[in-house]
Amino acid sequence: MKNIFRVKINAIICMFGLIAAVFLPVAYVNAANKTVTITEASAESSGVEVSGTTDAEAVIVQLRDATGDEIIAMKSFPVVDGAFTGSITDVTIEEGTDYMIFVADYEGGDFATETVAIEVTTEDDDTSEASSQSAPAVTTETTSEVKEADIETTEATTAAPENDSTAQTGDTTNVALLTIVMFLSGAGIFVTKKLSADKR
């Protein structure tokens with residue numbers, strides 16, 4: 001009777017082990033792949049800065065070239081109260097060159113992307129700025145209104161980008177099936193040995 005009781009206890013332990021093997025990977029998958037939204041991105045000669053919102057605990061930020069294929073720099077940043085802000089400053093950004101910023105859930109998921117660049121400053125721009133400063137007050141106010149309209153148009157254009165479904169972080173391989181097979185094999189060997197020992 002004591003041996004039969006031990007076999008039952010071991011069978012119950014194996015059953016709980018199998019349940020844990022099935023549900024723990026599922027819980028991990030549900031924790032990853034949180035949606036990331038970029039609300040603002042900018043570039044300066046010393047680097048780039050990006051901010052946004054997400055339900056993830058942390059985000060991974062990648063600075064890539066204009067094609068999005070080559071990773072120039074990469075850093076991770078924490079998420080506080082559903083928002084993140086991070087900057088990559090150990091790179092040199094060239095004027096007139098497009099760069100892409102990729103941001104995703106640190107534990108794995110789809111990337112949100114944004115393209116940034118530094119506008120090239122020319123001598124004509126400097127001359128125009130000097131002329132606007134020396135012009136009458138009425139002309140200056142009109143120029144300011146035009147610039148504000150341009151800023152509003154730019155903000156409307158830089159809406160939150162769609163996620164790039166082709167690029168993902170993290171390994172989504174389901175290890176639950178392999179774990180179940182291993183547990184079942186171990187449980188079968190254990191029960192067989194116990195039954196053989198009881199018969200003796």
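Trainee: Which residues does Gly52 touch, leaving out those up to four places away in sequence?

Mentor: Gly52 touches Thr37, Ile38, Thr39, Gly82, Ala83 and Phe84, where contact means heavy atoms within 4.5 Å. Keep in mind that this is a predicted model, in which local features need pLDDT of at least 70 and side-chain atom pairs count only at pLDDT 80 or more, while totals for chains, interfaces and linings use all residues. Residues are numbered from 1 along each chain as its sequence is written, and side-chain values use heavy atoms, with hydrogens and water left out.

Trainee: How far apart are Gly52 and Thr39 in sequence and in space?

Mentor: They are separated by 13 residues in sequence and by 4.6 Å in space, C-alpha to C-alpha.

Trainee: Why does Gly52 count as buried?

Mentor: Buried means under 20% relative accessible area, exposed means over 50%, and partly exposed lies in between (1.4 Å probe, protein chains only). Gly52 has 4% relative accessibility, so it counts as buried.

Trainee: And what makes Asp81 exposed?

Mentor: Its relative accessible area is 80%, so Asp81 is exposed. Asp81 lies in the loop between strand 4 and strand 5, and its phi, near 55 degrees, is a positive value in a residue other than glycine.

Trainee: Which strand holds Gly52, and what counts as a strand?

Mentor: Gly52 lies in strand 2. Strands are DSSP runs of E with at least two residues, helices are runs of H or I with at least four, and both are numbered from the N terminus.

Trainee: How do you know that strand 2 pairs with strand 1 and with strand 5?

Mentor: Two strands pair if DSSP finds at least two bridges between them. There are 8 bridges joining strand 1 to strand 2 and 6 joining strand 2 (residues 47-54) to strand 5, so both meet the rule. Each of these pairs runs antiparallel. Glu40 stands opposite Ser51 in strand 2, while Glu49 has Ser87 of strand 5 as its bridge partner. Strand 1 and strand 2 also form a hairpin with 2 residues between them.

Trainee: What is the strand order in the open sheet, and what makes strand 1 and strand 5 edge strands?

Mentor: The order is 1-2-5, with antiparallel pairing of the 3 strands. Strand 1 (36-44) and strand 5 (83-88) are the edges, as each pairs on one side only. The twist averages 15 degrees from one strand to the next; axes are lines fitted to C-alpha atoms, for helices over the stretch in contact, and angles run from 0 to 180 degrees between N-to-C directions.

Trainee: Why are Phe102 and Phe111 called an edge-to-face pair?

Mentor: Rings of Phe, Tyr and Trp (its six-membered ring) pair if their centres lie within 6.5 Å; planes under 30 degrees apart count as stacked, over 60 as edge-to-face and the rest as tilted. Here the centres are 5.5 Å apart and the planes stand at 75 degrees, so the pair is edge-to-face. By this rule the count comes to 1 aromatic pair. Phe102, at 3% relative accessibility, counts as buried, and Phe111 is buried with a relative accessible area of 2%.

Trainee: How do you know that Arg64 lies over the face of Phe102 and of Phe111?

Mentor: A charge sits over a ring if NZ of Lys or CZ of Arg is within 6 Å of the ring centre and within 35 degrees of the ring normal. Arg64 is at 3.8 Å from the ring centre of Phe102 and at 5.4 Å from that of Phe111, and it is listed over the face of each.
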